[in-house]
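This report describes the sheets, the salt bridges and one surface patch of the structure shown below. Please keep the sequence at hand while reading.

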Amino acid sequence: MTTLLVASAGGHLAELHHLVPRLGVQDDCVWATFDSPQSRSLLTGQEVIHVPPIRTRDVAGAVRDWLAARRVLRGGRFGRVVSTGAAVALSFFVPAARRGLTCHYIESATRTAGPSLTGRMVAGVPRAELYTQHPDWADERWRYGGSIFDGYVAHPVPSPRPVSRIVVALGTQARFGFPRLLARLVEVLPAEAEILWQVGSTRIPRLPPGARDQVPHAEMAQAMREADVVVTHAGVGSALAAMWAGRRAIVVPRRRGHGEHVDDHQVELARGLDRRGLVLAREADAISPADLTAAASWRVDRCGDVRPFRWTG
């Protein structure tokens, strides 16, 4: 049975890519996602169908992807659809369900208290199977399958080296910048440090030299492995990438009150990961040089075997 894996670029794609080995579908799958440096790098060597990008709360974009989904699903090649969101999930689930395919929706790990808007909408699709990554809000409709953060544990570094290499990753959201964090980092990061700046759509009057909108996945992964410290917004993809590279990142949530996102879901994710000891959660206006030292004094390791994600596939 060929599985169609559907996800928006960014954190949703990173989550699904991370989960695929635990779903057991990697040997017969096709990806449907947006064309971006991340997707091209992350999915190198795999079969990928590029569909039009959808912005947050983008009805016209959702319709375009619905039309694309109808074309992709013609011919009966696929036996099921799996998605981690966001709106592109609904665009594919509606025509997939009409063709009798089972649709599996895995809610993002950022949703610690309940489903997202997309999650609530796909819950109405016939034959949709729904999964949460947080057992606290699992119920008869939303089953707990596991978490992408399973198997990670933080350990202190016996002799941390001075902070000389830093990665700053502010995500790639076209609609939302994070100028509060970028301005603060320009102030507090050591001038002598070697810094990779991935700033997305964020703009400030004094943009740091070498700032880049996007960085390919492979280059970012290598930079994080070589860094002493990673500072990132509390996007699940960036946090996960830092852990994968062995870094206990300084994670800063975007705030709705500052126009940095549609809601405050990043706040709960940052706090939850901080409680697990996997990140240092900080507010944008409060990051200090001491935080850099603290972050460099820990590393994150992956445990041995991590059990499969519990789904009905």
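A salt bridge is taken here as a side-chain nitrogen of Lys or Arg within 4 Å of a carboxyl oxygen of Asp or Glu. The model is a predicted one, in which local features need pLDDT of at least 70 and side-chain atom pairs count only at pLDDT 80 or more, while totals for chains, interfaces and linings use all residues. Residues are numbered from 1 along each chain as its sequence is written, and side-chain values use heavy atoms, with hydrogens and water left out.

**Salt bridges**

| Pair | N to O distance |
|---|---|
| D228 and R161 | 2.2 Å |
| R255 and E283 | 2.7 Å |
| R77 and E47 | 2.8 Å |

The salt bridge between R77 and E47 ties together parts that are 30 residues apart in sequence, because R77 lies in the loop between α3 and β4 and E47 in the loop between α2 (37-42) and β3. Helices (H or I, at least four residues) and strands (E, at least two) are DSSP runs numbered from the N terminus. Relative accessible area is called buried when under 20%, exposed when over 50% and partly exposed in between (1.4 Å probe, protein chains only). On that scale R77 is partly exposed at 44%, and E47 is partly exposed at 37%.

The side chains of D228 and R161 also meet in a salt bridge, and this pair links distant parts of the chain, with D228 in the loop between α7 (217-226) and β11 (229-233) and R161 in the loop between β8 (152-156) and β9 (165-169), 67 residues apart. D228 is buried, with a relative accessible area of 8%. For the salt bridge of R255 and E283, the two residues are 28 apart, R255 being in the loop between β12 (250-252) and α9 (265-275) and E283 in the loop between β13 (280-281) and α10 (289-296). R255 is partly exposed at 22%, and E283 is partly exposed at 31%. Salt bridges with shared partners also join R165, E194 and E226 into one network.

**The seven-stranded sheet**

An open sheet of seven strands runs in the order β3-β2-β1-β4-β5-β6-β7, with parallel pairing; two strands pair if DSSP finds at least two bridges between them. Its edge strands are β3 (48-50) and β7 (142-144), each of which pairs on one side only. Within this sheet, β1 (residues 2-7) and β4 (residues 78-85) pair over six bridges, and T2 stands opposite F78 in β4.

Helix α3 (residues 59-73) gives the most to a nonpolar patch, with four residues. The patch, of about 410 Å², is made by V59, V63, W66, L67 and V94. W66 lies in α3 and is partly exposed at 31%.

**The five-stranded sheet**

A second open sheet, also parallel, has five strands in the order β10-β9-β11-β12-β13. One side of β10 (194-198) and of β13 is left without a neighbour in the sheet, because each stands at an edge with a single partner strand. β9 and β10 pair over five bridges, and V168 has W197 in β10 as its bridge partner.

Notes: Patches are made of residues with over 30% relative accessible area and no salt bridge: like charges are joined within 9 Å, nonpolar side chains (Val, Leu, Ile, Met, Phe, Trp, Tyr) within 5 Å. Accessible areas come from the Shrake-Rupley method with a 1.4 Å probe; for residues, only the protein chains shown count as cover.
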